[in-house]
Amino acid sequence: MVSSFSKKVLKVVRAIPKGRILSYQMVARKAGKPNAARAVGSIMKRNYDPAIPCHRVVPSSAFVLGTNKLVSADSKVIARKLGHYNRGHERKVALLIAEGAIK
DNA sequence: CGATTGACCAGTG
DNA sequence: GCACTGGCCAATC
């Protein structure tokens with residue numbers, strides 16, 4: 001079951017070009033709900049699709065920092081710096097680096 | 001249908 | 001600069 005909002009979110013994320021990285025909040029804003037960043041994460045988690053590059057979506061913390069430090073990462077650090085990922089944060093980081101999204 | 005949870009964000013100590 | 005708190009929204013229990 002997909003509400004309009006979730007559908008929009010998925011669409012927006014899927015439309016993110018290579019090498020481009022957006023924060024959950026920006027995605028939410030594009031979907032029409034600037035304050036629904038949390039909902040975006042929830043939706044992706046329950047509605048993850050292989051065509052949806054969730055690795056191109058990161059929390060504002062990482063976006064603002066720009067200089068993502070790929071440190072070891074305790075669960076806490078992951079949530080605060082890079083956010084989660086279905087296939088593991090290592091995969092996410094690797095993909096982002098490969099695309100040049102992360103310095 | 002009411003309550004809880006969770007891939008978040010911004011503000012404060 | 002890091003840790004804790006309150007607030008928003010949709011999905012799940």
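Which helices each supply at least two residues of the surface near DNA strand B? In this predicted model, α2 (24–31) and α3 (37–46) each do so, where a residue counts as near a strand if one of its heavy atoms lies within 4 Å of it. Helices here are DSSP runs (H or I, at least four residues), numbered from the N terminus. Local features need pLDDT of at least 70 and side-chain atom pairs count only at pLDDT 80 or more, while totals for chains, interfaces and linings use all residues. Residues are numbered from 1 along each chain as its sequence is written, chains are lettered from A in the order in which they are written, and side-chain values use heavy atoms, with hydrogens and water left out.

**The surface near DNA strand B**

- DNA strand B is surrounded by 16 residues, the closest being Gln 25, Arg 38, Lys 45, Ser 60 and Asn 86.
- Of the atoms of DNA strand B that come within 4 Å of the protein, 48% belong to sugar and phosphate.
- Helix α3 gives the most to this surface, with six residues.
- By residue type, the surface near DNA strand B holds seven nonpolar, seven polar and two charged residues (Ala, Val, Leu, Ile, Met, Phe, Trp, Tyr, Cys and Pro count as nonpolar, Asp, Glu, Lys and Arg as charged, and the others, Gly among them, as polar).

**Atom pairs with the bases**

- Arg 38 places a polar side-chain atom 2.4 Å from a base nitrogen of DNA strand B.
- Lys 45 has a polar backbone atom 3.1 Å from a base nitrogen of DNA strand B.
- For His 84, a backbone N or O atom lies 3.2 Å from a base nitrogen of DNA strand B.

**Packing of α1 against α3**

- The axes of α1 (residues 4–14) and α3 come within 10 Å and cross at roughly 80°, with axes being lines fitted to C-alpha atoms over the stretch in contact, and angles running from 0 to 180 degrees between N-to-C directions.
- Helices α1 and α3 are therefore roughly perpendicular to each other (65 to 115 degrees).
- Phe 5, Ser 6, Val 9 and Val 13 of α1 are in contact (heavy atoms within 4.5 Å) with Ala 39, Val 40, Ile 43 and Met 44 of α3.
- The residues of this contact comprise seven nonpolar, one polar and no charged.

**Packing of α2 against α3**

- The axes of α2 and α3 come within 8 Å and cross at roughly 95°, which makes α2 roughly perpendicular to α3.
- Tyr 24, Gln 25, Val 27 and Ala 28 of α2 make the contact with Ala 37, Val 40, Gly 41 and Met 44 of α3.

Notes. Polar contact = N/O pair within 3.5 Å; in protein donor to acceptor, adjacent residues only side chain to side chain. Parallel < 35°, antiparallel > 145°, perpendicular 65-115°, else oblique.
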